Amino acid sequence: MAEAIKMPKMSDTMTEGVLAKWHKKVGDQIKAGDVVAEVETDKATMDFESFQEGTLLYIGVEEGQAVPVDAVIAVIGEKGEDYKSVLDSSSASAEEPVTEEALAQEAATEEDVDVSNIPAAVIRMPLLSDTMTEGVINKWNFKVGDKIKSDDSLADVETDKATMEVVGYEEGTLLYIGVEEGKAAQVNDIIAIVGKEGTDITPLLKAGNSSPKKENKAEEKAVSSENKPAETASSVSADSDSRIKASPLAKKLAAEKGIDLNEVKGSAEGGRIVKKDVEGFVPAAKETASVAASSKEEKAFAIPQYIGEEKFTEQPVSQMRKTIARRLSESLFTAPHFYLTISIDMDNAMAARTQINAVAPVKVSFNDIVIKAVAVALKQHPAVNSSWGGDKIRFNEHTNVGVAMAVEDGLLVPVVRFADGKSLSHISAEVKDFAQKAKAKKLQPKDWEGSTFTVSNLGMFGIDEFTSIINSPDGAILSVGAINQVPVVKNGAVVPGNIMKLTLGCDHRVVDGATGAAFLQTLKGLLEAPIRLLA
């Protein structure tokens, strides 16, 4: 009987995998244990072995394509067997909601109200800025029953950037106001209706947002007509024009005639300038205006201009980067982080490292010494070696230290297990082996699972100090900075010193400030007297 082969979950954080390469093709014989494909997970590229035997009847995923965990990627069965029933049963659950959604969409579009013969026009919330999604009616300038002219400002609308006027570009009686002052409306929602007095507007309201093309064209005309005078005015006159209270039509006429709106006296309510004020304007001093204009042009001409090109490239997000984004976002927005920083005198550690490397089988780094010191300190402070479990706190008695490593696609955190019981040489050799595997994408789930604490070191990049996001479900993470030569005071004298800063990031649900501070004090004592690590 044919069996569906599904995308396996190859790590604890994996949600989907990319088929990097197929090792078999349709028609090939498969034995249990055969490597069928290579799958790129969020951590590494791993071999996918078959647990079934038979003929490969179907391949459902092309190389390079991503599929979620448990999705069907292939079918194995007897040669010539009909496998379509297996695919149908696997996809049946996914098809049902799609069918319901399609039916809902069809039902929603069945009702279409004819509003072409109604002597009224719908006024919608216009798109007044490129980032606007809704607008708040700050003030209505008319009430239902008032007579409206095409250049009248119906309302003041507060957008995400400014408070602007909305012009209806329709003449008639204000029949309906759909949004109260202080209320918000989405872009393209009906905010008012203007038309012949006594018109039944019920069909227009029933039509709602699925308006006829005529109304959409009127709306586009309103938006574009409002944008054009703004652009023209900005290129012809000074910035002060944008602060003058005038209708968009008045601004457009002023721009076309070269009239400075600062010189025009408004006749509408509150000194607002309307169309007739611009048409009836007579310049008092043409020469003064022309001189001012020419001086502005000279100043504008003197400003150097640089024309650049805006461009960018995009590339698909890798599985590793998707997981990093998801896991770190969950940690940062779920665990309440706080940070403690301490300075460490590394003179003794530097001397001890020189002596250790003279006899050690492998070269020991400062990071290896920090890992060892962290593990020893965690045994004395179990509260820092803990994790939040919702209704309980887990206090780990073992010390598995995760070591953050940068790789080409992102970040991996292999785990040095039981680090408190290992020698510095052992830790060094293990970390070096992890680094080689990480770069070659050969780390396995057992290599990165089970950490109880994490160390992240950017000191080798010259970073003095930094903060890290906790590697969930750990309760804390240590950020290690560079060793810097700075003046320090010893025995009352200023002498050269070698100082390294450590920053402890804590999950406040399990670690309190005093607990974290005590852990750092213990860690400081171990690093400043590293002979204690060898005892």
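This is a predicted model: local features need pLDDT of at least 70, side-chain atom pairs count only at pLDDT 80 or more; totals for chains, interfaces and linings use all residues.

Colleague: Fine. Which residue stands opposite isoleucine 177 in E16?

Modeller: Isoleucine 177 faces alanine 192 there. The strands in question are E14 and E16 (residues 190-195), which run antiparallel and are joined by 4 bridges.

Colleague: What else does E14 pair with?

Modeller: Strand E11 (residues 147-148) is joined to E14 (residues 172-177) by 2 bridges, again antiparallel. In that pair, isoleucine 148 sits opposite glycine 172.

Colleague: Let me step back. How many helices and strands are there in the protein?

Modeller: The count is 12 helices and 26 strands. Of the 535 residues, 40% are buried. And if you take contacts between residues at least 6 apart in sequence, 61% of them join residues at least 24 apart.

Colleague: OK, sheets. In what order do the strands of the open sheet with E13 run?

Modeller: The order is E13-E12-E10-E15, 4 strands with antiparallel pairing. Strand E13 (163-167) and strand E15 (184-186) are the edges; each has a single partner strand, so one side of each has no neighbour in the sheet. On average, neighbouring strands there are turned by 40° against each other, ignoring direction.

Colleague: How many bridges join E12 to E13?

Modeller: There are 5 between E12 (residues 153-158) and E13. Alanine 155 is placed opposite valine 166 in E13.

Colleague: And what is the order in the sheet with E1?

Modeller: That open sheet has 4 strands in the order E1-E8-E6-E3, with antiparallel pairing. Strand E1 (3-6) and strand E3 (29-30) are at its edges with a single partner strand each, so one side of each is left without a neighbour in the sheet. Inside it, 4 bridges join E6 (residues 54-59) to E8 (residues 72-77), and leucine 56 has isoleucine 76 in E8 as its bridge partner.

Colleague: On to helices. Which residues of H8 are buried?

Modeller: In H8 (residues 347-357) they are Ala349, Ala352, Arg353 and Ile356. Down the helix axis these fall within an arc of 105°, so they line one face of H8.

Colleague: Why would residues with that kind of spacing end up on one face?

Modeller: An α-helix has 3.6 residues a turn, so residues three or four places apart point the same way.

Colleague: Which exposed residues are on the face turned away from the buried side of H8?

Modeller: Thr354 and Gln355. The buried residues, on the other hand, pack against helix H9 (366-380), helix H10 (424-439) and helix H12 (513-528).

Colleague: At what angle do the axes of H9 and H10 cross?

Modeller: Roughly 115°, and the axes come within 9 Å. The crossing is right-handed. On the H9 side the contact involves Asp368, Ile369, Ile371 and Lys372, which meet Leu424, Ile427, Ser428, Val431 and Lys432 in H10. By class, that contact has 5 nonpolar, 1 polar and 3 charged residues.

Colleague: What about phi of phenylalanine 418?

Modeller: Phenylalanine 418 has a positive phi of about 50° and is not a glycine. The residue is in the loop between strand E23 (415-416) and H10. Lysine 441 also has a positive phi, near 60°, and lies in the loop between H10 and helix H11 (445-448). Lysine 441 is partly exposed, at 30% relative accessible area.

Note on methods:
Residues are numbered from 1 along each chain as its sequence is written. Side-chain values use heavy atoms; hydrogens and water are left out. Buried means under 20% relative accessible area, exposed over 50%, partly exposed in between (1.4 Å probe, protein chains only). The arc is that of the directions from the helix axis to the C-beta atoms. Contact means heavy atoms within 4.5 Å. Axes are lines fitted to C-alpha atoms, for helices over the stretch in contact, and angles run from 0 to 180 degrees between N-to-C directions. A crossing is left-handed if the near helix is turned anticlockwise from the far one by less than a right angle, and right-handed if clockwise. Ala, Val, Leu, Ile, Met, Phe, Trp, Tyr, Cys and Pro count as nonpolar, Asp, Glu, Lys and Arg as charged, and the others, Gly among them, as polar. Two strands pair if DSSP finds at least two bridges between them.
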